[in-house]
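Open the model in your viewer and keep the sequence panel beside it. The tour goes one selection at a time.

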Amino acid sequence: MDRLDLKGMDQEQLCELLHELCNGHDWFFTMSDDSSAYHAGLANADKINHVRGVLNYMGFGTTADTIIGDYKPPVRVAH
């Protein structure tokens, strides 16, 4: 994973970064037959989770979860 330089970033900047990461994320990377697409999706998921963890540590975990939830596709349950 490329290191994210989050030093000096406040809550607003971290939330903006989280929006950018989520907007460009392939939410279905785990179903890819393409190894490079899978690994790129996994690396981006790690970045999303890292920023989420930092926001959670700062007391903004609910905000991070809301941002991610706005981008993450709904789970479909087979009947």
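Where is F28 found? Select F28: this residue sits in the loop between α1 and α2. Keep in mind that you are looking at a predicted model. F28 has a relative accessible area of 47%. That lies between the 20% and 50% cut-offs, so F28 counts as partly exposed. F28 and K72 are 44 residues apart along the chain, and their C-alpha atoms are separated by 9.8 Å.

**Stop two: α1 against α2**

Select residues 11–23 for helix α1 and residues 35–57 for helix α2. Their axes are 10 Å apart, and the helices pack at an angle of about 155°. Angles over 145 degrees count as roughly antiparallel, so α1 is roughly antiparallel to α2. The crossing of α1 and α2 is left-handed.

Next, show the side chains at this contact. On α1, pick Q11, L14, C15, L17, L18, L21 and C22. On α2, pick N44, K47, I48, V51, V54 and L55. Color the set by residue class: ten are nonpolar, two are polar and one is charged.

**Stop three: α1 against α3**

The crossing of α1 and α3 is right-handed.

Show the contact residues here too. From α1, take Q11, C15, L18, H19, C22 and N23. From α3, take T63, A64, I67, I68 and Y71. This contact of α1 with α3 has seven nonpolar residues, four polar and no charged.

**Stop four: the cysteines**

Stay on α1 and select C15 and C22, which both belong to its contact with α3. How many disulfides are there? The count comes to zero. C15 is in no disulfide, and its nearest cysteine sulfur is that of C22, 10 Å away. A disulfide needs sulfur atoms within 2.5 Å, so the sulfur of C22, at 10 Å from that of C15, is too far for a bond.

Finally, check the surface at each cysteine. Are C15 and C22 buried or exposed? C15 has a relative accessible area of 9% and is buried. C22 is buried too, at 1%. Both values fall under the 20% cut-off for buried.

Key:
Residues numbered from 1 in each chain as written. Predicted model: local features only at pLDDT ≥ 70, side-chain atom pairs only at ≥ 80, totals over all residues. Heavy atoms only, no water. Axes fitted to C-alpha atoms, helices over the stretch in contact; angles between N-to-C directions. Helix = DSSP H or I, 4+ residues; strand = E, 2+ residues; numbered from the N terminus. Parallel < 35°, antiparallel > 145°, perpendicular 65-115°, else oblique. Left-handed = near helix turned anticlockwise from the far one by under 90°. Contact = heavy atoms within 4.5 Å. Nonpolar A, V, L, I, M, F, W, Y, C, P; charged D, E, K, R; others polar. Buried < 20%, exposed > 50% of the residue type's maximum accessible area, 1.4 Å probe, protein only.
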